[in-house]
Amino acid sequence: MKKQISDHVWWTGKTDWELNHFHGQEYSTDKGSSYNSYLIKGKDKTVLMDTVWLPYDKEFVNNLKKDMDLNEIDAIVMNHNEIDHSGALPELMQQIPNVPIYCTKKGEEILRGHYHQDWNFVNVKTGDQLDLGDVKLTFIEAPMLHWPDTMFTYMDGGEKEHILFSNDGFGQHYATENLFDDKVDLDEVMHEAMKYYANILNLYSSQVTKKIHDILAMNVPVDMIAPSHGILWKKYPEKIISKYLEWADAYQENQITIVYDTMWNSTRAMAEAIADGIRQESPETTVKLFNSSKEDKNDIMTEIFKSKAVLLGSPTINYGFLFSLGGILEMAKGLRFKKKKAAAFGSCGWSGGSVKQLTEKLKECGFEIISDGLEMKWVPDQKALDEAREFGRAFARKAA
């Protein structure tokens with residue numbers, strides 16, 4: 001059911017407490033999510049902004065009908081047309097087939113591609129406006145944040161009612177019945193916001209920086225940021241904007257992350273000895289270890305995002321490396337992390353080869369290789385573990 005969030009705006013979305021994966025199985029959503037749709041009522045016109053994910057299309061439309069006559073909707077604004085935002089459109093348009101849909105040119109292309117319908121599309125670009133009487137909406141194209149059709153919408157509703165509807169920007173996969181940032185665990189939300197940025201938006205960091213500066217250059221007040229997933233930034237909009245600018249600037253903390261997989265625990269023993277060496281050399285550096293076959297891949301990506309340097313380890317199998325590392329490398333390559341150092345390590349039996357291959361893959365991902373790596377045969381004894389510790393100390397010095 002709708003919830004009022006300002007004088008002219010109501011939240012009409014869906015909180016999905018059960019969601020545990022998104023984008024197929026690509027993104028883990030341990031905290032659930034929400035699909036934030038908004039109803040904006042001006043003096044002269046009423047606008048619905050975005051819808052919800054397809055499984056909740058009938059529920060969404062039925063809830064709207066309980067609260068209003070659907071014929072009161074004068075326009076629909078679609079900031080982004082991925083199915084988690086546009087999924088309820090077909091169900092809604094059966095009820096109000098002639099209502100205009102305001103979207104970018106790419107947005108129309110995507111909606112046609114998804115639903116194969118000849119709806120009443122109105123293409124908009126940056127600076128175009130929709131006047132609702134006492135409320136004015138201004139459209140701001142934001143291509144590749146994170147689809148080519150994406151736009152933001154800025155609402156001027158008068159004194160202390162200036163809202164930036166940012167779609168996937170500034171969002172988080174986070175389920176809560178408390179819509180606002182001052183009603184939730186802010187540390188928990190900021191972690192989910194960082195995870196979202198690291199796994200979805202990092203690839204587009206240059207566009208993030210540009211778009212934020214474009215909005216700041218408009219020199220308009222922003223009293224609230226209303227994204228399409230998670231909480232609304234009512235008390236701390238400046239905080240999330242500041243964090244985005246920080247995250248977009250080749251973000252790193254004083255952290256080294258070790259990601260490994262192991263068959264008979266030899267590579268695991270190497271990883272732990274290397275971690276000991278890093279801690280001995282640089283006690284102030286945070287060191288985190290993850291077994292890529294057991295840990296959540298998106299959490300691993302978030303930790304790599306936070307790190308100044310990364311170590312990948314695998315035993316040699318079939319003259320290559322274990323497949324879980326392949327998935328991590330493919331994700332890292334796609335996310336295009338910047339200014340991070342790396343090296344590889346691993347155990348082997350009669351052949352070897354994983355370390356050399358991991359090193360080449362890390363290089364392809366854009367990491368700066370600062371060591372030829374460390375490869376050890378069979379089960380490491382005490383002398384070998386001491387060598388791994390020294391490798392960790394040397395790596396810490398080079399990563400400083």
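**Exercise 1. Work out in which order the strands of the open sheet of 7 strands follow one another, and which strands stand at its edges.**

Solution. In this predicted model, helices (DSSP runs of H or I, at least four residues) and strands (DSSP runs of E, at least two residues) are numbered from the N terminus, and two strands pair if DSSP finds at least two bridges between them. Read across the open sheet, the 7 strands come in the order β1-β2-β7-β8-β9-β10-β11, and their pairing is mixed. The edges are taken by β1 (3-4) and β11 (121-123), each of which has a single partner strand, so one side of each is left without a neighbour in the sheet.

Residues are numbered from 1 along each chain as its sequence is written. Because the model is predicted, local features need pLDDT of at least 70 and side-chain atom pairs count only at pLDDT 80 or more, while totals for chains, interfaces and linings use all residues; side-chain values use heavy atoms, with hydrogens and water left out.

**Exercise 2. Describe how strand β8 (residues 46-49) is paired, and state where its side chains point.**

Solution. Begin with β7 (residues 38-41), which runs antiparallel to β8 and is joined to it by 4 bridges. Within this pair, Lys41 has Thr46 as its bridge partner, and Tyr38 has Met49. The hairpin that connects β7 to β8 passes through 4 residues.

Next take β9 (residues 75-77), which pairs with β8 in the parallel sense over 3 bridges; here Leu48 stands opposite Ile76. Finally, consider the directions: Thr46 and Leu48 point one way from β8, Val47 and Met49 point the other way, and all are buried (under 20% relative accessible area, with a 1.4 Å probe and protein chains only).

**Exercise 3. Decide whether Thr285 is buried or exposed, and list what surrounds this residue.**

Solution. First locate Thr285, which lies in the loop between α8 (266-281) and β18 (286-291). Its relative accessibility is 5%, so Thr285 counts as buried. If neighbours within four places in sequence are left aside, Thr285 is in contact (heavy atoms within 4.5 Å) with Asn254, Gln255, Ile256 and Lys308. With Asn254, the side chain of Thr285 also makes a polar contact of 3.0 Å. A polar contact is a pair of N or O atoms within 3.5 Å; within protein, one must be able to donate a hydrogen and the other to accept it, and residues adjacent in sequence count only if both atoms are side-chain atoms.

Terms used:
Buried means under 20% relative accessible area, exposed over 50%, partly exposed in between (1.4 Å probe, protein chains only).
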